[in-house]
Amino acid sequence: MRETKEAKLARLLEREKALFEAGATVAGIDEVGRGPLAGPVVAACVAMKPGCWVPGVDDSKKLTEKRREALYPLILQNSLYARTAWVWPGEIDALNILNATRRAMEEAARGLPGAIFLVDAVTGLDLPGAIESIVHGDAQCYSIAAASIVAKVERDRYMVQLDARYPQYGFAKNKGYGTAQHMAALRECGPCPEHRKSFIRFLAPDAPRR
């Protein structure tokens, strides 16, 4: 049986309900862009106004692009706090992707001291409040799901902008992930400045550079 919107909302809020009822500020943190060959990793921290739940919020990976775009402004309008932080390809190469993700999450949460932070899977964070790391949190917690949508929409929009500058890689469609078309373009044209050097070591040493 297909889950109703009401049932989905109740399920996603189950872990957070007691925290909200106790008057805590609850924030969800999630990232997007750990796996792509190009572009930034983007983290979002979102704290919703208690009771201002936007219907249809879910793990961003389960939603269509059109649905994410529709939910994005509603999440921002109904949030107490919503901030993204970006770590760029050169920093990812220098830090490694896990530490780059931690940096983005910490920066996104910096303006919300004293909150209870529900984080999708990542540990070892230095955040200005209590932390609970939840595996597959974007599918289990409303606040993390909201953060996943905000991060996904903003990063995807950026990758579409990059496509206009570097159309050969198909960034508007693949968002920097290693599709067959993207990897073929890399082998033919070499990387652009938006590629993560540490992620494209499969390229031949004499591959072109752009």
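**Exercise 1. Find what E31 touches, not counting residues up to four places away in sequence.**

Step 1: Start from the ground rules. This is a predicted model, in which local features need pLDDT of at least 70, side-chain atom pairs count only at pLDDT 80 or more, and totals for chains, interfaces and linings use all residues. Residues are numbered from 1 along each chain as its sequence is written, and side-chain values use heavy atoms, with hydrogens and water left out.

Step 2: Look for contacts, meaning heavy atoms within 4.5 Å. E31 touches V41, V42, A43, T101 and M105, with residues up to four places away in sequence not counted.

Step 3: Place E31 in the fold. E31 lies in strand 1; strands (E, at least two residues) and helices (H or I, at least four) are DSSP runs, numbered from the N terminus.

**Exercise 2. Decide whether E31 and D30 are buried or exposed.**

Step 1: Take the cut-offs. Buried means under 20% relative accessible area, exposed over 50%, and partly exposed in between (1.4 Å probe, protein chains only).

Step 2: Apply them. E31 has 16% relative accessibility, so E31 counts as buried. D30 has 2%, so D30 counts as buried.

Step 3: D30 lies in strand 1, which covers residues 26–32. Leaving aside neighbours within four places in sequence, the contacts of D30 include M105, D120, D138 and I144.

**Exercise 3. Work out why D30, E31 and D120 gather at one spot.**

Step 1: Check the record. An unreviewed UniProt entry lists D30, E31 and D120 for "binding site". UniProt positions are given in the numbering used here, feature names are shortened, and annotations may be inferred rather than shown by experiment.

Step 2: Compare sequence and space. The three span 91 residues in sequence, yet no two of their C-alpha atoms are more than 8.0 Å apart, so they gather at one spot.

Step 3: See what they line. D30, E31 and D120 are in the lining of the largest pocket. On a 1 Å grid over the protein atoms alone, a pocket is an open set of points where a 1.4 Å probe fits, with protein on both sides within 12 Å along at least five of seven lines; lining residues have an atom within 4 Å of a point.

**Exercise 4. Describe the whole protein.**

Step 1: Count the elements: 8 helices and 5 strands.

Step 2: Read them along the sequence: α-α-β-β-α-β-α-α-β-β-α-α-α.

Step 3: The C-alpha trace spans about 60 × 40 × 30 Å along its principal axes. Of the 210 residues, 49% count as buried.
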